Amino acid sequence: MTDLTTSTTKPRRKRSRHVALVLAGTAMLTLAACEDDRVDAQAFPDLDSCLAAAREDGLWFTEDDCQTQFAAAKAEHLETAPRYESQELCEQEHGAGACGADPAAAQQNQGGGFSFMPLLVGYMMGSMLSRGGGVFSQPMIRTPGGYSTPNGNQSFAGNSGSARVPSNTFARAPSTIGQAPMTQTQVAQRGGFGASSTARTGTAGRSAGG
Amino acid sequence: MQKIALSERPGWRERAAELGFTFADMGGEPYWDETSAYRFTLRQIEDDIEDPASELHEMCRQAVAHAVASEEWLTRLDIPRPYWDFVERSWANGEPELYGRFDLAYDGSGPAKLLEYNADTPTSLYESASFQWLWFEESRDAGVLGPTTDQFNGIHEALVARWAEMAPQGEDIHFAADRENPEDYATVEAIAWAAREAGLGAHYTGLSAIGLSEEGQFADDQDRVIGTLFKLYPWEDMLRDDFAPNLQPSQTRFIEPPWKAVLSNKGLLPLLWHLFPDHPNLLPAFFAADLEAARKGEPTPFADAIAAAEPQLARGFVTKPIFSREGAGVVITEAGRETDRAPDDSYSHHAHVVQALAPLPEFDGFHPVLGAWIVGRACVGLGMREDRARITHNLSRFKPHFIEG
């Protein structure tokens, strides 16, 4: 059996094509907003408006990005949008006509429980190119006064147009299907890690690494 | 392997500050130093560093398999007995490893020698994977480095690919480190960015803020259940903390996995020498207690190996505590005389290992040590540190490298 395309020689290039360059500090990995840390973002009510914008002017996203990010936003909406027990409760939070039945609950035939969620009303794409991270997206849902991403840490007046937004806008919201990790729990005890350093002295500020 | 003086990029300090690389200078001394760089040939990188480091990692995996099945070795490695099963289960379940860094002595010729394996909490990842990469790209764009140069640095892409193998899309990973230590935090953030790029959710929590729920699960600083925890915190400490009895019942997935307790332990060095005697990349190494016993003529299973290594040990050896970081507790003895001692002895109350001396080479008065990065099971990049002292420590300079020829 011969396969001329398979060779035992190593790839010529020995380095990454891109890396993540920015260290944003702890703010980046928490929900706290950081004003200095803004990225280009653009919101679209639907896929077609994104495709049209990508064709019209050479911005930082392509038609491909529209497609993949819209699909990603749809999936993430399903996974992270808040869930409610009833249509009424959902509409209280998100406005009249902004909610629908949870397709995931219907599929899993869960019966009852938290089976209403705000509808997907658009998606926001952000450019993380300066971080070497490419294009990210978040689904958008209604709030009584406007629009927001599922984790609710950023709200917007509309679901179209461009803006500079904190990069943590694109931080994933905790998953609301399946529960388990990231669900709120009752903490009984804290501080059980970090006390016993195998070094005898000087633990404060000392690196745990090597 | 040569050390080449190069012009610094104009404005790199401002660029470092802008990127959040706040510790480019530490203690009034440069930490990042691009006034010169090390040049390697592709053959040196691939044949002397990349392939041997990947092989060393496979040997370490065999060492884990050996140790977790041996009460004798678990005892020698000072892994607390109540957690032997926890460590062994993680190995038996095939829990995957994320990353590690071999420290190697190498001067451009002959086999690189393993000094130690930072397999659990290696730092300097951001400097290696990102800032070094930026230095290379910008220096090449500026014509300071030639068009045919390259760098051994696939670390970031390898981390993204490894994360994608290790966790399903959308899984939430918690990252814990000491918030007050920018060097540790930078390493954690570099890894968290890679996780995000792999489609995973990344959340930071302070290590000491982690709580235990009424159901026995761990929770973050916002009371959210932790499913998977990346911890830049050594297993030898995890297994001695107040929460240690809760580790296994919590069902948390830990990264690095608990079996890394065997590798993040300088007792690994005698274990490797025992399993792979005379391997070209290893140095003879023994527990100090075994060495003393053999010299007194008392019975030890290592008497023959010790006798064979005595001439090499007589030329020079290094003593290290089994748990230590950043050179702490290291003592060098040559021809029977102590010739160097790390100023930090905060780990020295632990058992010690004795390893034959492989002196670091000297380039312009500095001693470089190679950090060969392992991601998953393969060597994917290189980061270098150098110091005027022969014992590399936490303030030793980070030096960029490139490949040419």
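**Fold, helix packing and aromatic pairs**

From the N terminus on, the elements of chain A run β-α-α-α-β-α-β-β-β-β-β-β-β-β. Helices (H or I, at least four residues) and strands (E, at least two) are DSSP runs, numbered from the N terminus. The model is predicted: local features need pLDDT of at least 70, side-chain atom pairs count only at pLDDT 80 or more, and totals for chains, interfaces and linings use all residues. Residues are numbered from 1 along each chain as its sequence is written, chains are lettered from A and ligands numbered from 1 in the order in which they are written, and side-chain values use heavy atoms, with hydrogens and water left out.

Of the 210 residues in chain A, 48% are buried. Here buried means under 20% relative accessible area, exposed over 50%, and partly exposed in between (1.4 Å probe, protein chains only). Contact means heavy atoms within 4.5 Å. Among contacts in chain A with a separation of 6 or more, 58% come from residues 24 or more positions apart.

Two helices of chain A pack against each other. Helix 1 (residues 47–56) and helix 2 (residues 63–80) of chain A meet at an angle of about 160°, and their axes are 8 Å apart. Axes are lines fitted to C-alpha atoms, for helices over the stretch in contact, and angles run from 0 to 180 degrees between N-to-C directions. Helix 1 and helix 2 of chain A are therefore roughly antiparallel. Angles under 35 degrees count as roughly parallel, over 145 as roughly antiparallel, 65 to 115 as roughly perpendicular and the rest as oblique. The crossing of helix 1 and helix 2 of chain A is right-handed. A crossing is left-handed if the near helix is turned anticlockwise from the far one by less than a right angle, and right-handed if clockwise. On the helix 1 side of chain A, the contacts involve Leu47(A), Cys50(A), Leu51(A), Ala54(A) and Arg55(A); Glu63(A), Cys66(A), Gln67(A) and Phe70(A) meet them from helix 2.

A helix pair in chain B is arranged as follows. Helix 5 (residues 125–141) and helix 7 (residues 182–197) of chain B pack at about 55°, with axes 8 Å apart. Helix 5 and helix 7 of chain B are therefore oblique to each other. Their crossing in chain B is left-handed. Leu125(B), Tyr126(B) and Glu127(B) of helix 5 meet Glu183(B), Ala186(B), Thr187(B), Ala190(B) and Ile191(B) of helix 7. Helix 5 of chain B also holds Ala129(B). Ala129(B) is buried, at 3% relative accessibility. Leaving aside residues up to four places away in sequence, Ala129(B) touches Val19(A), Asn153(B), Ile155(B) and His156(B). The C-alpha atoms of Ala129(B) and Asn394(B) are 18 Å apart, across 265 residues of chain.

Aromatic rings were then examined. Rings of Phe, Tyr and Trp (its six-membered ring) pair if their centres lie within 6.5 Å; planes under 30 degrees apart count as stacked, over 60 as edge-to-face and the rest as tilted. By this rule there are 27 aromatic pairs over all chains. Phe44(A) and Tyr123(A) form a tilted pair, at 6.2 Å centre to centre and 50° between the planes. Phe44(A) lies in strand 1 (residues 38–44) and Tyr123(A) in strand 4 (residues 123–127) of chain A, so the pair ties together parts 79 residues apart in sequence. Phe44(A) and Tyr123(A) are both buried. In chain B, Tyr99(B) and Trp373(B) are stacked, with 6.1 Å between centres and 5° between planes. Tyr99(B) belongs to strand 5 (residues 99–105) and Trp373(B) to strand 18 (residues 367–375) of chain B, so this pair ties together parts 274 residues apart in sequence. Both Tyr99(B) and Trp373(B) are buried. One aromatic cluster comprises Trp12(B), Phe21(B), Phe23(B), Tyr31(B), Trp32(B), Tyr126(B), Phe131(B) and Phe398(B).

Charges also sit over rings (NZ of Lys or CZ of Arg within 6 Å of the ring centre and within 35 degrees of the ring normal). Arg142(A) lies over the face of Tyr147(A), 4.8 Å from the ring centre. Arg196(B) lies over the face of Trp193(B), at 6.0 Å from the ring centre.

Backbone geometry in chain B includes a cis peptide bond between Ile255(B) and Glu256(B), with omega about -5°. Glu256(B) is in the loop between strand 12 (253–255) and helix 9 (268–275) of chain B. Asp78(B), not a glycine, has a positive phi of about 60°. Asp78(B) is partly exposed, with a relative accessible area of 36%.
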